Amino acid sequence: MLSETERRELEEAVKHYPDKRGAAIDALLTIQRRRGWISDDLLLDIAQFLEITAEDLDSVATFYNLIFRKPVGRHVAFMCDSISCWIKGCERVQEQIKNLYDVELGQTTSDGRLTLLPIACLGQCERAPAIMIDQDVHGDITPDTIEQIVEKYK
Amino acid sequence: MERPLTQHIHPDGTTRTLREYVKDGGYRCLQKLAAGLAPKDVQRLVTEAGLRGRGGGGFPTGTKWSFVPMGPDAPKPKYIVANGDEMEPGTFKDRVLMEGDSHGLIEGMILAGYALDAEVGYIFLRGEYHLSAQRLNQAIAEAYAEGYLGKTIPGTGFRFDLHLHSSAGRYICGEETALINALEGKRAVPRAKPPFPQTVGLWGQPTVVQNVETFYNLPHIVNHGAAWYHSLSHTQDGGTKIYGVSGRVIHPGWWELPLGTTAREILEEHAGGMANGVRFRGVLPGGISTAFLVEKHLDLPLDFSSLPPQVGRLGTGTMIVLDDHTCPVGFVLNLERFFARESCGWCTPCREGLPWVARILTSFEEGHASKDDLALLDMHTKWLAPGHTFCGLAPGAMAPLQSALQYFREDFEQHISRGRCPWSKKPAQLKVLV
């Protein structure tokens with residue numbers, strides 16, 4: 001069930017578009033910010049709010065990689081694996097994350113702390129390689145510095 | 001050398017306040033509109049200035065605008081959309097602008113809206129640009145509070161409303177018709193063209209979608225005129241360009257320079273040349289959908305008119321350098337994996353062809369490719385050429401592959417003859433480098 005606060009936020013989002021459906025992505029992101037991910041129940045509630053079918057909304061939710069239809073950890077780390085970061089050794093940083101936290105791309109650590117996902121170029125190419133954890137971007141990362149960075153996210 | 005777009009951006013990464021922006025001449029062109037500069041005058045100025053779209057396509061902005069229906073019978077509302085879905089690998093110029101000088105985008109969009117009599121704008125921002133989102137939201141709120149947005153601009157009868165749309169990922173959103181679907185809350189698959197968005201776009205209404213950097217140019221053109229704008233450039237295309245460099249150079253970064261600056265000047269003077277111990281082999285001049293340029297091309301002016309089509313195109317102007325300690329096949333494999341992952345899946349040649357290309361390139365890196373595989377790669381560059389797919393994603397993916405097959409063919413052949421990647425046994429050297 002959507003809370004009153006969440007409903008009010010959705011009402012706000014809808015104001016930016018000529019029809020409710022236009023706010024589909026805003027609505028999914030808004031609820032995900034509070035709930036962490038979009039469960040089937042939430043999907044149904046949001047679809048009802050937007051006056052579209054759940055199937056229609058799910059086709060949108062599953063298309064966009066920043067909308068999670070499965071649970072994620074308390075923190076989500078987005079590892080840039082595009083070319084500028086690849087040249088500067090992102091694969092070795094990723095290997096180090098795997099050694100330290102026993103997690104591969106697409107997985108969550110067993111303690112539910114961190115989900116590791118690949119991401120298209122983060123636009124931080126002048127300080128490659130880069131990683132974004134939650135909303136924070138960290139550039140010029142190395143296998144030696146990555147632990148210190150990840151440890152800030154408990 | 002003038003740098004109208006970036007001269008006031010704070011070097012420490014903090015944003016410019018509205019007060020600073022106005023003090024340095026920001027929103028001044030709105031007074032020109034009030035003083036009688038008509039929409040058609042703005043259109044004429046932009047056409048005469050020779051402004052070309054900065055998102056990679058380089059389409060002349062004045063021509064793009066000329067297709068928008070005008071006059072009392074034109075459909076209403078019309079929309080202005082800023083494409084801030086900056087996901088082209090190696091490209092970070094729009095982030096620099098949006099983070100450093102958010103009001104410049106708003107002013108540019110108001111001007112475009114005025115010129116085209118379009119009263120609503122959207123900034124389509126990639127979801128990962130959280131700092132840009134925060135600063136743009138702040139700037140939009142300030143512009144509303146000051147009456148630049150949401151109120152009739154005195155003396156014009158024109159008012160403009162602006163919304164920020166934060167997206168949720170997927171590279172294909174940068175394609176303008178896919179972006180329109182995304183803004184409507186749908187899957188971001190491209191639409192058939194024609195009809196073009198200028199006549200049938202967002203919610204079926206006339207819509208102009210332009211790159212963020214393009215909008216930043218508009219206030220300066222209106223304030224200083226077409227002749228001044230041409231004087232900024234080295235070539236027939238007007239204005240400056242934000243160029244960038246990433247890869248193993250001494251100073252990766254971005255610089256606003258005259259359009260038509262050569263790759264050699266950018267790489268050697270601004271990026272400081274190659275990092276210690278590595279040598280230049282090639283460069284993608286503007287994102288990964290452009291063809292490699294090699295040593296013999298470095299003195300060509302980098303703009304939208306000077307590069308011969310058989311050589312390549314400028315793209316976004318943010319270049320990625322291939323050095324001699326990086327395997328060109330591995331480099332291209334990284335690009336093709338990206339394209340395969342980001343294909344929207346709508347048309348079969350792209351959905352099936354790109355993963356196939358990535359698999360073949362993997363077989364080169366793993367050392368079990370044959371001469372037939374090389375021929376298959378050559379064939380894909382034709383099967384996925386323009387005209388064979390629904391949009392430009394797959395043809396864009398073929399540009400670096402085709403040029404790599406041309407300039408670095410010996411490296412592909414060595415992977416076959418040696419049965420392994422010649423670079424993969426050099427971990428010690430790589431460790432020293434990074």
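**Ground rules.** I number residues from 1 along each chain as its sequence is written, with chains lettered from A and ligands numbered from 1 in the order in which they are written. Since I am reading a predicted model, local features need pLDDT of at least 70 and side-chain atom pairs count only at pLDDT 80 or more, while totals for chains, interfaces and linings use all residues, and side-chain values use heavy atoms, with hydrogens and water left out.

**Chain A.** I looked up the elements of chain A and found 7 helices and 5 strands, where helices (H or I, at least four residues) and strands (E, at least two) are DSSP runs numbered from the N terminus. Along the sequence their pattern reads α-α-α-α-β-α-α-β-β-β-β-α. The C-alpha atoms fill a box of roughly 50 × 30 × 25 Å along the principal axes. Of its 154 residues, 53% count as buried, which I take as under 20% relative accessible area, with exposed over 50% and partly exposed in between (1.4 Å probe, protein chains only).

**A sheet in chain B.** I then traced an open sheet of 4 strands in chain B, in the order β6-β5-β8-β7 and with mixed pairing; two strands pair if DSSP finds at least two bridges between them. The edge strands are β6 (253-258) and β7 (280-284), each pairing on one side only. Strand β5 (residues 240-246) runs parallel to β8 (residues 318-323), and 3 bridges join them. I noted that Val245(B) stands opposite Met319(B) in β8(B).

**Cores.** The largest nonpolar core holds 120 residues, and Tyr64(A) and Phe331(B) have the most contacts inside it; such a core is a set of buried Ala, Val, Leu, Ile, Met, Phe, Trp, Tyr and Cys residues joined through side-chain atoms within 4.5 Å. Leaving aside neighbours within four places in sequence, I find Phe331(B) in contact (heavy atoms within 4.5 Å) with residues including Ile83(A), Trp86(A), Ile87(A), Leu284(B) and Ile320(B). Apart from this core lies another, of 61 residues, among them Cys121(A) and Phe160(B).

**Where the chains meet.** The contact takes 52 residues from chain B and 38 residues from chain A. I read about 3,700 Å² of area buried between them, of which carbon and sulfur atoms give 59%; this is the accessible area (1.4 Å probe) that two parts lose on being put together, summed over both. The two chains share 2 salt bridges, each a side-chain nitrogen of Lys or Arg within 4 Å of a carboxyl oxygen of Asp or Glu. One of them links Glu126(A) to Arg95(B), with the closest N and O atoms 3.0 Å apart.
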